[in-house]
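I opened this entry to look up charge pairs. Notes follow in the order I checked them.

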Amino acid sequence: MTTPLEFPSRDWSLALSRLLHGDAEVQTALTEFGAFTAGAILEKGDGLTRDFCVHIEAAPGREPKLRFCDDEDELDELEPDYLVRAPHRLARELIKSVLAGAVPDPLKLLTTGQASMRGDLGRVVRVAGRYPTAGLAALRSLPTRTIS
C-alpha cells in the first residue's frame with residue numbers, strides 16, 4: 001500500500017498535478033479552455049498553521065508548473081489569471097467528500113460565498129460545465145490524509 005500524502009502539502013500538490021496531467025478528460029477540457037495561470041490560497045485554521053499558497057501555470061499538452069509561495073503577497077505578485085481562496089476547513093471537507101465519491105459543485109461554493117475567485121468566471125463555467133467529473137478519478141486515486 002502506498003503511504004498517503006498529507007493535504008495540503010507540496011508533495012500532495014505535485015503528485016496530484018502529475019495525475020491530472022495524465023487524465024484524458026482533464027486534457028480535453030484544458031485544450032478547450034486554453035492556457036492559464038492560477039493561484040490558490042488555502043487559509044490557515046483548523047489545523048493548518050499558515051496559509052498554503054500555490055501558483056499554477058497550465059497549458060494543453062504540457063505538464064503544469066507549480067510554484068509554492070510563502071504568502072498571499074508573493075502569489076499576488078505573479079498576477080495569476082485566476083485566484084481562488086478558500087478556508088482550509090472547506091477544502092479539507094471537499095477533498096474528503098470527493099474521496100468518498102461525491103461530485104462537487106464548485107459554482108455553488110462561489111455563489112454562496114464559501115470560497116472566492118477572481119478571474120473570468122464565464123470562461124470557467126462554459127468549459128467546466130461540460131466536464132463536471134474531469135480530474136475526479138485522478139484525485140480519488142491519490143492516497144490522501146488530511147490535517148486534523
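**Salt bridges**

I searched the whole structure and found eight salt bridges (a side-chain nitrogen of Lys or Arg within 4 Å of a carboxyl oxygen of Asp or Glu). The model is predicted: local features need pLDDT of at least 70, side-chain atom pairs count only at pLDDT 80 or more, and totals for chains, interfaces and linings use all residues. Residues are numbered from 1 along each chain as its sequence is written, and side-chain values use heavy atoms, without hydrogens and water.

I looked up glutamate 6 next. Glutamate 6 pairs with arginine 145 in a salt bridge, with the closest N and O atoms 3.1 Å apart. Glutamate 6 sits in strand S1 (residues 5-7) and arginine 145 in strand S7 (residues 144-146), so the pair ties together parts 139 residues apart in sequence. Strands here are DSSP E runs of at least two residues, and helices are H or I runs of at least four, numbered from the N terminus.

Then I turned to helix H3. Glutamate 72 forms a salt bridge with arginine 85, the closest N and O atoms being 2.4 Å apart. This pair links glutamate 72 in helix H3 to arginine 85 in strand S5 (residues 82-87), 13 residues apart.

Aspartate 76 meets arginine 118 in a salt bridge (2.9 Å, N to O). Here helix H3 holds aspartate 76 and strand S6 (residues 116-118) holds arginine 118, 42 residues apart. I also noted one network of salt bridges with shared partners: Glu43, Glu72 and Arg85.

**Serine 17**

I checked helix H1 (residues 10-21), where serine 17 lies. Is serine 17 buried or exposed? Serine 17 is buried, at 8% relative accessible area (buried is under 20%, exposed over 50%, partly exposed in between; 1.4 Å probe, protein chains only).
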